[in-house]
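User: Please take a close look at one part of this model, starting with who touches whom, and then connect it to what can be said about other parts. I am new to this structure.

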Amino acid sequence: MAGEDASAGEARVAVEAVFREERGLLLASLVRRFGDLDLAEEVTSEAVEAALRHWPVEGVPARPGAWLLTTARRRAVDRLRRDQAYAARLAVLRADAERAEPAPAADAGSASGAGLGELPDDRLQLFFTCTHPALAAEDRAALTLRCLAGLTTPEVARAFLVPTATMAQRIVRAKKKIREARIPFRVPGPDELPERLPGVLQVVYSVFTEGYAASSGPRLQRLDLAEEAVRLARILHRLLPAEREAAGLLALLLLVHARRDARTGPEGEPVLLEEQDRGRWDRPMIEEGRDLVVQALTGGPAGPYGVQAAIAALHDEAADVESTDWAQIVALYDVLLALTPSPVVAVNRAVAVAMRDGPGAGLALLDALAGEPRLRGYPPYAVARGDLLTRLGREGEAAAAYREALEAAGTEPERAALRRRLGE
Amino acid sequence: MKYMLLIHSGAVDEQGGAPECTVEDWMAYDKAVRDAGIHVSGESLADLVTATTVRVSRTGERTVTDGPFAETRELLGGFLVIDVPDLDAALDWAARCPGSRDGGAVVVRPVADFGA
């Protein structure tokens, strides 16, 4: 930790690092205490401003996160005292808190060692609030990025490729619903968790998939977004260590994210799995993911994230495409298809079957899906057909499939790669 | 916090029953709401054919028409106001309401509080 002579620049760096890391924790703690997301956000910002003024002069405190929390809390209490409406509201909140005192979270000891240290971790409550099914689906991911990942509104807007003003409006509307419809800040009980947890995991997964394969825009991958999703998945897994699907989701994200450097070529073009330089895959991340897959698949029936993680692990472990355990991958896709029947899973399974039994077998499965409305305008389906047709020497039909994919492709690198294939 | 449950049931027969739930289901639900001490008010509405719509134009002209006519199978069949701590509790009660089953739906809306 920097000494008393910390320069303004160093202090700013320290504040930014602490803020980024601890914002969600800080915010959750304040929301739990004051029951108001807007108030919590405002005093969090004020505490950061205060840190930027004080730390260069007084030095960075030993526990910067705790300093920020204490400062923010004082500001909140001051405001409540000043503001009659808030004061009345606080009285109501206290009465509510007494009525339904939540399970003790204070002694969980799950808070990360650094930063806020021994303070209770209230982020799980905030996760469930931000992803509440009463909120519009598109707003859940935005709120989660804003409140838990600590992105600013312009950053969240960029993540969803919408104008900042539009995103600001959406966030205001969502927060208004939380406040006025009184969506509670609470972790669902064990009986509700099976119903609510998939929604939370889905939000983190959707943030990741948008980062992993951008649906539109100039770039194929948006690593910042994928990294935020990995960070959120880590927090969720730490807060819910016994939930195997939380472990499965983190495992899946790590095992896929481990390939990020090999997934694009020098010009940002997509590189297919079989053509990737496996030496550029992130080995420590793969190791970590593999350990988590084991956790996700033991002690009960596997969930969809655990199964997908197991498939990703098989790819990551193989030295090359030929030595990949395609039989095992097909078997896992069968399990996945039973858990979550979807045409997209069926496409992936067909590709794995083609690797196991040859392109003809895979193509037959793909063609059987031709009537699926959800696969119309889904480029991976057309690309998979094109690839199998090429391998069967049916060039004309392959070109037609690639042209179909080209029309539906959302990013320029995807389009460029398809044009190249068509040119060949 | 008060919430209004707007009960949009499927088609209702003469006795107020619907194919997916019986009058006994409604009575049991009503009793549960009252026993829980959360009941504020509530009514079940008479058949839709008895509904009449009134509109007043900008010039103050009054128009009375028969209806509304149901555009869909779901129509407002009744309402209930309950007083519970938060939205999750209100949603739980809505889910228990016989009107939410099968074709029906219950819309949950907080009652605006204009008090101090």
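Analyst: In chain A, helix α15(A) meets helix α16(A) through A:V347, A:R349, A:A350, A:V353, A:A354 and A:D357, which face A:P359, A:A361, A:G362, A:L365 and A:L366 of α16(A); contact means heavy atoms within 4.5 Å. This is a predicted model, in which local features need pLDDT of at least 70 and side-chain atom pairs count only at pLDDT 80 or more, while totals for chains, interfaces and linings use all residues. Residues are numbered from 1 along each chain as its sequence is written, chains are lettered from A and ligands numbered from 1 in the order in which they are written, and side-chain values use heavy atoms, with hydrogens and water left out.

Helix α15 spans residues 343–357 and α16 residues 359–368, and the two pack at about 160 degrees with their axes 6 Å apart. Helices here are DSSP runs of H or I with at least four residues, strands are runs of E with at least two, and both are numbered from the N terminus. Axes are lines fitted to C-alpha atoms, for helices over the stretch in contact, with angles from 0 to 180 degrees between N-to-C directions. The angle of about 160 degrees makes α15(A) roughly antiparallel to α16(A) (under 35 degrees is roughly parallel, over 145 roughly antiparallel, 65 to 115 roughly perpendicular, the rest oblique).

Another helix pair in chain A is α5 (residues 123–130) with α10 (residues 223–239), whose axes come within 10 Å and cross at roughly 120 degrees. The two are therefore oblique to each other, and their crossing is left-handed. A:R123, A:L124 and A:F127 of α5(A) touch A:L232, A:I235, A:L236, A:R238 and A:L239 of α10(A). That contact has 6 nonpolar, no polar and 2 charged residues.

In the loop between α5 and α6 (137–147) lies A:H132. A:H132 counts as buried because its relative accessibility is 1% (buried is under 20% relative accessible area, exposed over 50%, partly exposed in between, with a 1.4 Å probe and protein chains only). Its side chain reaches the backbone nitrogen of A:A134 at 3.0 Å. Beyond neighbours within four places in sequence, A:H132 touches A:R140, A:I183 and A:R196, and also B:L87, B:D88 and B:L91. A:R140 is among the buried residues of α6(A), a helix with 9 of its 11 residues buried.

A:T71 sits in helix α3 (residues 64–82) and is buried at 11% relative accessible area. A polar atom of its side chain lies 2.8 Å from the backbone oxygen of A:W67, and, leaving aside neighbours within four places in sequence, A:T71 contacts A:A47 and A:A50. A:E16, in helix α1 (residues 8–34), is partly exposed at 47%.

Chain B has 2 helices and 6 strands, in the order β-α-β-β-β-β-α-β. Of its 116 residues, 30% count as buried.

Note on methods: Left-handed = near helix turned anticlockwise from the far one by under 90°. Nonpolar A, V, L, I, M, F, W, Y, C, P; charged D, E, K, R; others polar. Polar contact = N/O pair within 3.5 Å; in protein donor to acceptor, adjacent residues only side chain to side chain.
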